[in-house]
Amino acid sequence: DPARGRLRELAALSRRLQQVHPNVLAKVLKQATVYQNEEIVVINKPYGLPVHGGPGIKNCITDVLPILAKMLENMKAEPLHLCHRLDKETTGVMVLARSKEAAERIRLLFKTRQVEKIYWAISLGDPDPVEGVVEIPIVEKEVRSHQSHYKMTLAPNYRLSPEDGKVVKIRKNRNAESAVTRYRLLARSSACSLLELQPITGVKHQIRVHLAYGLGCPILGDHKYSHWSKLAPQKLPEVTLKRLKLEQSKARHLPLHLHARRLSLPLGERIDLVCKPPLFFEKTLKRLDLDVADD
């Protein structure tokens, strides 16, 4: 079955990227370059590739930046510098700086929220209303279950009073970070939606948490945030499984469908950077019949 074959291939992709020689990985990133000038290099980050190293990680983007710089600059470059980060499973626009000074300037633009970021996500269900802003603080908590683990979750400042149903303000969680995400529905079909998202703040896993717990529309393939109390594969509606030609028992191989589509950087003039979604994302859009006018 071609659908199952593709899923198996994606499940193996991250492992393969961990096994290749750093030079080969740098070459992959060079081919993924979508824009460069004297200050920055922009890549379309591949799926399953971590930005930073850690336990069990042999290859990550940070480690191959000196090799990539040499490939781009005819052996005369200093290493490229990281300006921001994307999750391992997230694809799309990633900005690297050619110098330390440029990196610091761009990091400051991110920190002071002068960079406009647009993501695409395929979600289960559709948000109500179809357009709006989720403004709920986020905090990291331990989930106590037979398999204890940590997750980001919502820490709202308001709740409904059980007595009269009125909205009441509650004491703020000191550890919570304020988080704001704009969203709008682009298309819906097969019990799924294509959403355009604009994170105004940059909290860890913000989009995933706001969609799953704030709007009740977890991202397709987000097995971490589809349940609160357990780590288990996402449960998919029958119509979605049918369209994807997938059995529920194989749902754990489904990749996260979150793509950093556009980044707008005010560097002198405003630079608009756009990255096409990866092939698996486009195939899912097609299979689910999520038609969107591509700008």
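Helices and strands are DSSP runs, numbered from the N terminus. They are used here to describe a predicted model.

The protein is divided into domain 1 (1-112) and domain 2 (116-294). The contact between them takes 29 residues from domain 1 and 31 residues from domain 2. Taken over C-alpha atoms, the domain centres are separated by 23 Å. The size of an interface is often given as the accessible area lost when the parts come together. Domain 1 and domain 2 bury about 2400 Å² between them. Of this area, 69% lies on carbon and sulfur atoms.

Helix 2 (residues 22-31) packs against helix 3 (residues 61-72), with axes that come within 8 Å. The two axes cross at roughly 70°. Angles of 65 to 115 degrees count as roughly perpendicular, so helix 2 is roughly perpendicular to helix 3. The crossing of the two helices is right-handed. On helix 2, the residues in contact are Pro 22, Asn 23, Leu 25, Ala 26, Lys 27, Leu 29 and Lys 30. They meet Ile 61, Val 64, Ile 67, Leu 68, Met 71 and Leu 72 of helix 3. By class, this contact has ten nonpolar, one polar and two charged residues.

Two loops hold backbone exceptions. Most residues other than glycine have a negative phi, and most peptide bonds are trans. The peptide bond from Asp 128 to Pro 129 is cis, with omega near 0°. Pro 129 sits in the loop between strand 5 (116-124) and strand 6 (131-135). His 205 is not a glycine, yet has a positive phi of about 55°. His 205 lies in the loop that runs between strand 12 (192-199) and helix 5 (206-214).

Methods: Residues are numbered from 1 along each chain as its sequence is written. This is a predicted model: local features need pLDDT of at least 70, side-chain atom pairs count only at pLDDT 80 or more; totals for chains, interfaces and linings use all residues. Side-chain values use heavy atoms; hydrogens and water are left out. Axes are lines fitted to C-alpha atoms, for helices over the stretch in contact, and angles run from 0 to 180 degrees between N-to-C directions. Helices (H or I, at least four residues) and strands (E, at least two) are DSSP runs, numbered from the N terminus. Angles under 35 degrees count as roughly parallel, over 145 as roughly antiparallel, 65 to 115 as roughly perpendicular and the rest as oblique. A crossing is left-handed if the near helix is turned anticlockwise from the far one by less than a right angle, and right-handed if clockwise. Contact means heavy atoms within 4.5 Å. Ala, Val, Leu, Ile, Met, Phe, Trp, Tyr, Cys and Pro count as nonpolar, Asp, Glu, Lys and Arg as charged, and the others, Gly among them, as polar. Domain bounds come from an automatic or database domain assignment. Buried area is the accessible area (1.4 Å probe) that two parts lose on being put together, summed over both.
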